Amino acid sequence: MSDTTPPYQRNLTVDGVAINVFSLSEAVASIVSAAEHGDNFSVCTLNLDHVVQLQRRSDFRAAYRRARFVTADGFPIVVLGRLLGTQIRRTTGADLVEPVCQQARDKGLPIYLLGSSNVTLAATARRLSERFRGLRIAGFHAPGPNFDPHSEEADLAIEGIRASGAKLCFVALGAPRQELFAARCLDELDGTGMLCIGAALDFIAGTKSRAPSATQKAGLEWAWRMMREPRRLGPRYARCMAEVPRLVIRTIPQIVDARIRKAA
């Protein structure tokens, strides 16, 4: 994708990971095109929690660096991208599912759902089938709560995806498991795109609620979620906030370089 990026649209790089998809429409078009070509690929959505984990886990960094498409999920990352001179828009895993399913229906690309619970997946499959008549859902599977991307259970999950004939697989296991599993699938599947989407399937099934649209647009979805689950998410977001100054400092050289090149 970088080959078609205009000179003034520079990729923001975080710990060696380049954000190379700048909008939802670009992400959907890129994903569907790759699936039509029968490519193996993975899609990641970078947020502040992931930035923290990139600092701490080499396997997570390796998985992210293998992703073909990386979007900006966290609002601070969007701001830094714009300071770099890139017209970037926040694109989350939850944003991707329905427009990708619509295009998958139109292009005849079967999909697979992995993660969450069987109740959630059954409800999600039903709702997607109702919204996008003709969408082929090749199958779904909910791994156990202690799912290990390198376990025998993961072997069986990969075999299930392979046998289904799915061209796109939505992986809703949470970070870092979904990214690690997707990276493994790059080596073991043939012609399946793996989309790491977090809690998106729960939102569609209605087993979890997403922040109101106005809250999302204001970049405050994290605050809305923390108020609903303070005990679980409070420590996570505290770590994320502590990462912001370091992220800004690491990004300043990129911003300065981009502005010098643009002015030249």
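How many residues line the largest pocket, and which of them lie nearest its centre? The largest pocket is lined by 46 residues, among which Asn47, Gly198, Ala199, Arg225 and Arg236 lie nearest the centre. This is a predicted model, in which local features need pLDDT of at least 70 and side-chain atom pairs count only at pLDDT 80 or more, while totals for chains, interfaces and linings use all residues. Residues are numbered from 1 along each chain as its sequence is written, and side-chain values use heavy atoms, with hydrogens and water left out.

A pocket here is an open set of points on a 1 Å grid over the protein atoms alone, where a 1.4 Å probe fits, with protein on both sides within 12 Å along at least five of seven lines; lining residues have an atom within 4 Å of a point.

| Pocket | Volume | Lining by class |
|---|---|---|
| Largest | About 1,000 Å³ | 20 nonpolar, 14 polar, twelve charged |

For the second largest pocket, α4 and α10 (213-217) each supply at least two lining residues, and the lining includes Phe75, Arg82, Asp95 and Lys217.

With a disulfide taken as a pair of cysteine sulfur atoms within 2.5 Å, the count comes to zero. The sulfur of Cys44 is 4.4 Å from the closest cysteine sulfur, in Cys196, and is therefore too far for a bond.

How values were computed: Grid points are joined across faces, edges and corners, and a volume is the space filled by probe spheres set on the points. Ala, Val, Leu, Ile, Met, Phe, Trp, Tyr, Cys and Pro count as nonpolar, Asp, Glu, Lys and Arg as charged, and the others, Gly among them, as polar. Helices (H or I, at least four residues) and strands (E, at least two) are DSSP runs, numbered from the N terminus.
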